[in-house]
Amino acid sequence: VKATTNNIMELTAAIVALKELREPCKVELTSDSQYLVKGMTEWVNGWVKKGWLTAGRQPVKNRELWETLYRLNQKHKISWKWVRGHSGHPENERCDLLANQAMALL
C-alpha cells in the first residue's frame with residue numbers, strides 16, 4: 001500500500017504479527033514506535049471508556065486498527081516495550097533492514 005502513513009504501518013505490523021498466534025500467548029512486543037507503545041499502554045483504555053474519543057473529544061485516528069489491537073491485547077498477555085530506533089538494538093535493526101528491503105521492491 002503506497003498511500004499510507006508510518007503510524008498505519010506500525011499498527012498494521014503489530015496486528016499482522018499478533019494474528020499469527022493461534023492460541024493465547026505471553027508476548028513481548030518490542031517497537032521503536034512510541035505511537036504504538038504509548039497507545040497500547042497509556043491511551044487505549046481511556047479511548048474505550050470515552051467511546052473512542054481522545055482527551056480533546058476528537059475521534060481517535062486509525063480507530064479500526066486500534067480496535068483490532070485492543071481485541072488482540074485482550075486475547076494475549078502482551079508486554080509492550082519501546083526501544084529507541086537506530087540505536088543498535090539487534091532485532092530493531094533487523095526489522096528496519098527488512099522494511100527498507102521490502103520498500104525497495106515497490
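The lining of the largest pocket divides into 14 nonpolar, nine polar and five charged residues. The model is predicted, and its mean pLDDT is 91.

**The largest pocket**
- The pocket holds about 1100 Å³ of space.
- Its lining is made of 28 residues.
- M9, E10, A13, C95 and A99 are the lining residues that lie nearest the pocket's centre.
- α4 gives the most, with nine residues.

**The largest nonpolar core**
- This core has 19 residues.
- Those with the most contacts inside the core are L18, L29, L36, M40, W66, L69 and W80.
- Elements giving two or more residues to the core are α1, β1, α2 (34-49), α3 (63-75) and β2 (77-82).
- α2 gives the most to the core, with six residues.
- L18 touches V27, L29, L69, L72, H76, I78 and W80, leaving aside residues up to four places away in sequence.

**Confidence in the model**
- In the protein, 98% of residues reach a pLDDT of 70 or more.
- α3, one of the elements that give to the core, has the highest mean pLDDT among the elements, at 98.
- α4 has the lowest, at 77, and α4 also gives the most residues to the pocket lining.
- Where pLDDT is low, predicted coordinates should not be read in detail.

Key
Residues numbered from 1 in each chain as written. Predicted model: local features only at pLDDT ≥ 70, side-chain atom pairs only at ≥ 80, totals over all residues. Heavy atoms only, no water. 1 Å grid on protein atoms, 1.4 Å probe; cavity = no way out; pocket = protein on both sides within 12 Å on 5 of 7 lines; lining within 4 Å. Points joined across faces, edges and corners; volume = space filled by probe spheres on them. Helix = DSSP H or I, 4+ residues; strand = E, 2+ residues; numbered from the N terminus. Nonpolar A, V, L, I, M, F, W, Y, C, P; charged D, E, K, R; others polar. Core = buried A, V, L, I, M, F, W, Y, C linked by side-chain atoms within 4.5 Å. Buried < 20%, exposed > 50% of the residue type's maximum accessible area, 1.4 Å probe, protein only. Contact = heavy atoms within 4.5 Å. pLDDT = per-residue confidence, 0-100.
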